[in-house]
Amino acid sequence: MENIKHQQNAKGGSFHYELDGKKLAEMVYTMDGETKMIIDHTEVDNSLRGKGVGTHLLAELVNYVRQARMKVVPLCAFAKAIFLKTKEWQDVLD
C-alpha cells in the first residue's frame, strides 16, 4: 500500500496511512532496547474500517522488523489477533 509511511523517534514511532495529507490510520509502537518493538495500539478512521488498512500497517511493520532483525511484542489487541491468524508472521514475535 503506497500511502503507508513510517515515522521514528528515539523512543518509538508509527506506521501510518495518509490520504491527501491526512493521517487516517496509525499503528504506534515503542522500543524496548534496540531489538524489541512493542505495538501499543492501532487506530483506523471509520471511513476505512473493514478495508484491511490495519492489516496493511502490520504487514509493513513485519517487513521492517524482519529487515532490522527485531522482535515484536503485540500489546495492541488488534495486532495480537492478526498475529494469531497469520502464521507466516509469527517468526517475528518475541
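Relative accessible area sorts residues into buried (under 20%), exposed (over 50%) and partly exposed (in between), computed with a 1.4 Å probe on protein chains only. The model shown in these views is predicted, with local features needing pLDDT of at least 70 and side-chain atom pairs counting only at pLDDT 80 or more, whereas totals for chains, interfaces and linings use all residues. Residues are numbered from 1 along each chain as its sequence is written, and side-chain values use heavy atoms, with hydrogens and water left out.

View 1. With a relative accessibility of 25%, Lys36 counts as partly exposed. Its side chain forms a salt bridge (a side-chain nitrogen of Lys or Arg within 4 Å of a carboxyl oxygen of Asp or Glu) with Asp32, the closest N and O atoms lying 3.9 Å apart; Asp32 is itself partly exposed, at 41%. A salt bridge of 3.1 Å, N to O, also joins Lys36 to Asp94, and this pair links distant parts of the chain, since Lys36 belongs to strand β4 and Asp94 to the segment after α2, 58 residues apart. Asp94 is exposed at 59% relative accessibility, and through shared partners Asp32, Lys36 and Asp94 are joined into one network. By this rule the count of salt bridges comes to four.

View 2. Ser14 lies in strand β2 (residues 12-19), where strands (E, at least two residues) and helices (H or I, at least four) are DSSP runs numbered from the N terminus. At 4% relative accessibility Ser14 counts as buried, and its side chain is joined to that of Glu26 by a polar contact of 3.3 Å. Such a contact is a pair of N or O atoms within 3.5 Å; within protein, one must be able to donate a hydrogen and the other to accept it, and residues adjacent in sequence count only if both atoms are side-chain atoms. Glu26 also forms a salt bridge with Lys23, whose closest N and O atoms are 3.3 Å apart, and Lys23 is partly exposed at 40%.

**View 3. The strands on either side of β2.** Strand β2 is mostly covered, with six of its eight residues buried. Strand β1 (residues 4-8) pairs with β2 in the antiparallel sense over five bridges, pairing being assigned if DSSP finds at least two bridges between two strands, and these two strands form a hairpin with three residues between them. Lys5 has His16 as its bridge partner in β2. β2 and β3 are likewise antiparallel, over eight bridges, and in their hairpin, with two residues between the strands, Asp20 takes a positive phi near 55°.

View 4. The buried residues of helix α2 (residues 77-85) are Ala79, Ile82 and Phe83; seen down the helix axis they fall within an arc of 100°, so they line one face of the helix, the arc being that of the directions from the axis to the C-beta atoms. The face turned away from this buried side carries the exposed residues Ala77, Leu84 and Lys85. Cover for the buried residues of α2 includes β4 (36-44), α1 (53-68) and β5 (71-74).

Methods
Contact means heavy atoms within 4.5 Å.
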